[in-house]
Amino acid sequence: MFCTRTGRRLTRDAVAQRLAIHVQAAAATCPTLLDKRVHPHVLRHSCAMSLLQAGVDTTVIALWLGHAGVRSTDAYVHADMTIKEKALSLTAPVTARPGRYQPTDKVLAFLDRL
């Protein structure tokens with residue numbers, strides 16, 4: 001997917017180095033990136049989640065990412081909050097208030113400390 005000027009495949013280290021350069025540049029606009037561990041595998045996960053949200057079947061995602069089996073893409077289905085929200089909306093009692101949970105500042109502060 002990523003290649004050199006001569007058309008050869010980039011090594012993992014070269015991809016990581018290029019990614020680090022772009023993360024540093026993006027951190028000028030989004031400083032919270034500096035607190036995160038962004039590595040090439042994050043690109044794979046982001047790609048898989050985008051494909052899943054676009055409606056691509058998990059079998060195709062597994063093949064495209066080179067996974068040994070389809071079950072390895074199950075984690076993406078479990079991580080996709082929109083799929084969970086759709087499922088929950090189908091089971092919500094009629095008396096429940098619609099909308100999304102908004103955590104308190106105390107809960108957010110706790111999560112930031114993790």
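Q: What makes the crossing of helix 2 past helix 3 right-handed?
A: Helix 2 passes helix 3 in a right-handed crossing, a term used if the near helix is turned clockwise from the far one by less than a right angle, anticlockwise being left-handed. This is a predicted model, in which local features need pLDDT of at least 70, side-chain atom pairs count only at pLDDT 80 or more, and totals for chains, interfaces and linings use all residues. Residues are numbered from 1 along each chain as its sequence is written, and side-chain values use heavy atoms, with hydrogens and water left out.

Q: Why are helix 2 and helix 3 called roughly antiparallel?
A: Their axes come within 10 Å and cross at roughly 155 degrees. Angles over 145 degrees count as roughly antiparallel, so helix 2 and helix 3 are described that way.

Q: Which residues of helix 2 and helix 3 meet?
A: Arg44, Cys47, Ala48, Leu51 and Leu52 in helix 2 meet Thr58, Ile61, Trp64 and Leu65 in helix 3, where contact means heavy atoms within 4.5 Å. By class, this contact has seven nonpolar, one polar and one charged residues.

Q: Which residues of helix 3 are buried?
A: In helix 3 (residues 58-65), Thr58, Ile61, Ala62 and Leu65 are buried, that is, under 20% relative accessible area (1.4 Å probe, protein chains only).

Q: Why are these buried residues said to line one face of helix 3?
A: Seen down the helix axis, they fall within an arc of 100 degrees, so they line one face. The arc is that of the directions from the helix axis to the C-beta atoms. What covers them includes helix 2 (40-53) and helix 4 (74-79).

Q: Which residues are exposed on the other side of helix 3?
A: Leu63 and Trp64 are exposed there, the cut-off being over 50% relative accessible area.

How values were computed. Helix = DSSP H or I, 4+ residues; strand = E, 2+ residues; numbered from the N terminus. Axes fitted to C-alpha atoms, helices over the stretch in contact; angles between N-to-C directions. Parallel < 35°, antiparallel > 145°, perpendicular 65-115°, else oblique. Nonpolar A, V, L, I, M, F, W, Y, C, P; charged D, E, K, R; others polar.
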